[in-house]
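Good morning, everyone, and thank you for making time for this.

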Amino acid sequence: MITVTPDTFRLAQAFTISRGSRTEAKVLTVRITRRGVTGLGECVPYARYGESLASVTAQIEGLPLGITRMSLQDALPPGAARNAVDCALWDLEAKLAGKRVWELAGLARPGPQITAFTLSLDTPETMRAEAAKHAHRPLLKIKLGTADDMPRLEAVRVGAPKARIIIDANEGWTPEIYAALAPHLVAMGVALVEQPLPAGADEILAEMARPLPVCADEAAHDCESLARLRGKYDVVNIKLDKTGGLTEGLAMKRAALAEGFDLMVGCMVGSSLAMAPATLLAQGVAFTDLDGPLLLAEDRENPLVFDAQGVHPPSANLWG
């Protein structure tokens, strides 16, 4: 039996990027029950990719009851629906086998990974105050993507002078804005800039100087997308809601490393259940950005543990 239900998690505070704001995370929870055992998965339908709660629910409900993880890869395209089902099937397989998912996947025992903490787009004054509140964190991710971003970055650096900083423009800059900002980003010690230009208008990146690493997010989806990233990006952000699950995520990790890309493992704003499979994918990557649960006012039972070591792999009571 496959069931899909909507769940809503309140955010601790409004979360803003260049495309808009939200105050809650709306997710879909998939449960697959066989032989009296239930596997769980979660996804976040994303309007940027033409998804909605209704469209993703319809995709999942249209699957045959006996779908396998391998047949799923052809039954659904990369995206949120396939992700939730794929992760639920991994969880189910692990429970039926009495093993952890990392064992079934042939991976080394996972450990904690330092994760970025995201500061949403706001006024420089508010971003400085938020940066100061989180200055103890080793890695801050700053949401930018407007024509007036330099004061915001300067304010964050004042608020958190020792933190490592990465920037996510969410496709919000033009080539001219990025070219003007790039030297200042380097001077301020920014370690990475994520998706500075729209994914459909990023060819010029191949012609521009890249004084700091440029990461593909909206431009990167699954293994097939890697060929379009060559020469334009240095880092690839793998998100399970884009790849369509852990199965494709692991394949994309291997393929991207073989192509010479560095990796980030990121997330949509979801609960610990959504982050749990991604913690396995994040082992050993250059940047981990799995802070979704830290942005919530409420979470699942048996949530992921976040401490000075970073985000820890899930307990078997949560997933996998």
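**Rings, spaces and a serine**

Y49 has a relative accessibility of 22%, so Y49 counts as partly exposed, where partly exposed is the range between buried, under 20% relative accessible area, and exposed, over 50%, with a 1.4 Å probe and protein chains only. Y46, by contrast, counts as buried because its relative accessibility is 13%.

Before I go on, please keep in mind that this is a predicted model, in which local features need pLDDT of at least 70 and side-chain atom pairs count only at pLDDT 80 or more, while totals for chains, interfaces and linings use all residues. Residues are numbered from 1 along each chain as its sequence is written, and side-chain values use heavy atoms, with hydrogens and water left out.

A pair of aromatic rings is described by the distance of the centres and the angle of the planes. Rings of Phe, Tyr and Trp (its six-membered ring) pair if their centres lie within 6.5 Å, and planes under 30 degrees apart count as stacked, over 60 as edge-to-face and the rest as tilted. How many aromatic pairs does a search of the whole structure find? The search finds two. Y46 and Y49 form a tilted pair, with 5.5 Å from centre to centre and 50° between the planes. W173 and Y178 form a stacked pair, because their ring centres are 6.1 Å apart and their planes stand at 15°, and both W173 and Y178 are buried.

Two rings also have a charge over them, which requires NZ of Lys or CZ of Arg within 6 Å of the ring centre and within 35 degrees of the ring normal. The charged end of R69 sits over the ring of W90, 3.6 Å from the centre of that ring, and R137 lies over the face of F117, 4.3 Å from the ring centre.

On a 1 Å grid over the protein atoms alone, a cavity is a set of points where a 1.4 Å probe fits but cannot get out, and a pocket is an open set with protein on both sides within 12 Å along at least five of seven lines; lining residues have an atom within 4 Å of a point. Grid points are joined across faces, edges and corners, and a volume is the space filled by probe spheres set on the points.

The largest pocket holds about 360 Å³ of space, and among its 19 lining residues R22, V44, P45, Y46 and A47 lie nearest the centre. β2 gives the most to this lining, with seven residues, and here strands (E, at least two residues) and helices (H or I, at least four) are DSSP runs, numbered from the N terminus.

There are two cavities of 30 Å³ or more. The largest cavity has a volume of about 200 Å³, and of its 20 lining residues, F15, K143, K239, C267 and M268 lie nearest its centre. The second largest cavity, at about 110 Å³, is lined by 15 residues, with N83, L240, D241, C267 and A274 nearest its centre.

Finally, is S271 buried or exposed? S271 counts as buried, because its relative accessibility is 0%. S271 is found in the loop between β10 (262-265) and α10 (272-281). Leaving aside neighbours within four places in sequence, S271 is in contact (heavy atoms within 4.5 Å) with F9, E42, P293, L296, D299 and R300.
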